[in-house]
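Hi,

Here is the structure I promised to pass on to you. Please have a look at it first, and then read on for what turned up when I went through it.

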Amino acid sequence: MTINPGAAEFPHRQIAAQLRERIRRGDWNPGERLPSIPAMAEMFGVAKQTVQRTVDQLRVEGILITKPGSGTYVRGTRRRLNRLSRGRYGAHRGYHADLAARYRQQLAGVGREPAPPEVADAFGVRDGTEMLVRRHLVRADDATVEVGASWFRVTDATGTSLERAEAFGRPLYQEAEEAIGRRYASATDTISARQPSREEAEILQIRPDTPVLHLLHVAFDETRKPIEVAQATWPGPMTTLTEEYRIPAPVPEPDPDPGLTLA
C-alpha cells in the first residue's frame, strides 16, 4: 500500500480509497479490526495525523466504526432497505417475507408526548399537542439501523391496544385499523437528509457529523384524514432506499376519424 506524493489528491484521501477497495474485496470483513493508526502510518509512510484523518473520513461514510479502548473496525456493507409506503404494506397488505428475515424490530417505548413540529403539521394540530407515540428500533446483524416512531391522536388511541407497551404479532397498521376502526387508504413519504440528534448518533453508533436519512410517513383514511404519522431515521452513508415498480405501457393514440379530410 503506497501513496503518490505528487498526486493532486490529498494523501488521506488516497489512503481512504485504498482502504475502501480492500474492504470491498474482502481483505477485511465486517466486524474485523484494522491495524492500529501507528501501524497504518508506517505502512503508508505518512504521519499518524494523516491516517487519523482517513479513519475520520471513513467513519463519516459509515465504513468504519471506532470502539474506544479497542480499535477501529469494519462496520459492514451498505444496507438495502425497502421500507417506503409500498414496501411497508407489502403486495398483500402485510410485510414482505424477506424483511422479517433480515430485520428485527424492537419496541422501545409507548406513551404520551408532545408532538414535534413535523408530526403536528401532518396531523394539522398545534406544535406540542399531546399524542400517543410508539417508539421502536430496527436491528440488522449486531447494529441498530433504524430509529422510528409512530404517532396517533389521543382521541383515536385512548382505551385501545395501541396504548399497551407490547409488540403485536402483526404489522402495526393492521393493529391500528382494527383498534381505531378506520382503514389505511393512501400514504405519502417525504425523505430528507439532515444531521442526527445526539441521541440518534449514539443509538445508531455514528459520528455526530454523519448525515442521516429521515422519512416522514403519513397514512390517511379514505376521507384523507391522517390515521398515523410515522418517522424513521437511518444512517445515511450505509443506507440505500430502493423502490421497485412497474412502468405503465404507452397509451395508443386513437385512429383519426375516417370522415375527416386532412388538407
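Just after α3, G62 takes a positive phi of about 85 degrees. Before going further, please note that this is a predicted model, in which local features need pLDDT of at least 70 and side-chain atom pairs count only at pLDDT 80 or more, while totals for chains, interfaces and linings use all residues. Residues are numbered from 1 along each chain as its sequence is written, and side-chain values use heavy atoms, with hydrogens and water left out.

**Helix α3**

Helices and strands here are DSSP runs, numbered from the N terminus (H or I, at least four residues, for helices; E, at least two, for strands). The 13 residues of α3 reach 19 Å from the first C-alpha to the last, close to the 18 Å expected at 1.5 Å a residue; the expected span is 1.5 Å times one less than the number of residues.

Which residues of α3 are buried? They are T50, V51, T54, V55 and L58, where buried means under 20% relative accessible area, exposed over 50% and partly exposed in between (1.4 Å probe, protein chains only). These residues cover an arc of only 140 degrees around the axis, so they sit on the same side of α3; the arc is taken from the directions from the helix axis to the C-beta atoms. Q49 and R53, on the other side of α3, are exposed. The buried residues pack against α1, α2, β1 (64–67) and β2.

**The cores and the first hairpin**

The largest nonpolar core has 18 residues, and V51 and L64 touch the most other members. By nonpolar core I mean a set of buried Ala, Val, Leu, Ile, Met, Phe, Trp, Tyr and Cys residues joined through side-chain atoms within 4.5 Å. The elements that give two or more residues to this core are α1 (11–24), α2 (37–44) and α3. A second, separate core of 13 residues includes F168, L172, Y173 and A176.

Not counting residues up to four places away in sequence, L64 touches I23, L34, V55, L58, R59, T72, Y73, V74 and R75. Contact means heavy atoms within 4.5 Å. T72 lies in strand β2 (residues 71–74) and counts as buried at 10% relative accessibility. Its contacts, leaving aside neighbours within four places in sequence, include E32, V55, L64 and I65.

β1 and β2 pair in the antiparallel sense over four bridges; two strands pair if DSSP finds at least two bridges between them. I65 stands opposite Y73 in β2. Three residues lie between the strands of this hairpin, where G69 takes a positive phi near 80 degrees.

V147 itself has a relative accessible area of 17%. Leaving aside neighbours within four places in sequence, V147 is in contact with residues including H136, L137, I203 and T233. The C-alpha atoms of V147 and P235 are 9.5 Å apart, although 88 residues separate the two along the chain.

Strand β5 (residues 130–140) pairs with β6 in the antiparallel sense over 10 bridges, and R134 has S150 of β6 as its bridge partner. The hairpin of β5 and β6 has two residues between the strands, and D141 takes a positive phi near 55 degrees there. β6 is also joined by five bridges to strand β9 (residues 226–235), again running antiparallel. In β9, A230 is the bridge partner of S150.

**Salt bridges**

A search of the whole structure finds 16 salt bridges, each being a side-chain nitrogen of Lys or Arg within 4 Å of a carboxyl oxygen of Asp or Glu. R59 pairs with D56, with the closest N and O atoms 4.0 Å apart. Both lie in helix α3 (residues 48–60), three residues apart, about one turn of the helix.

D209 forms a salt bridge with R207, the closest N and O atoms being 2.7 Å apart. Salt bridges that share partners join D56, R59, R207 and D209 into one network.

The side chains of D156 and R182 also meet in a salt bridge (3.1 Å, N to O). This pair links distant parts of the chain, 26 residues apart: D156 is in helix α7 (residues 154–157) and R182 in the loop between α8 (172–180) and β7 (186–194). D156 and R182 are both buried.

Best wishes
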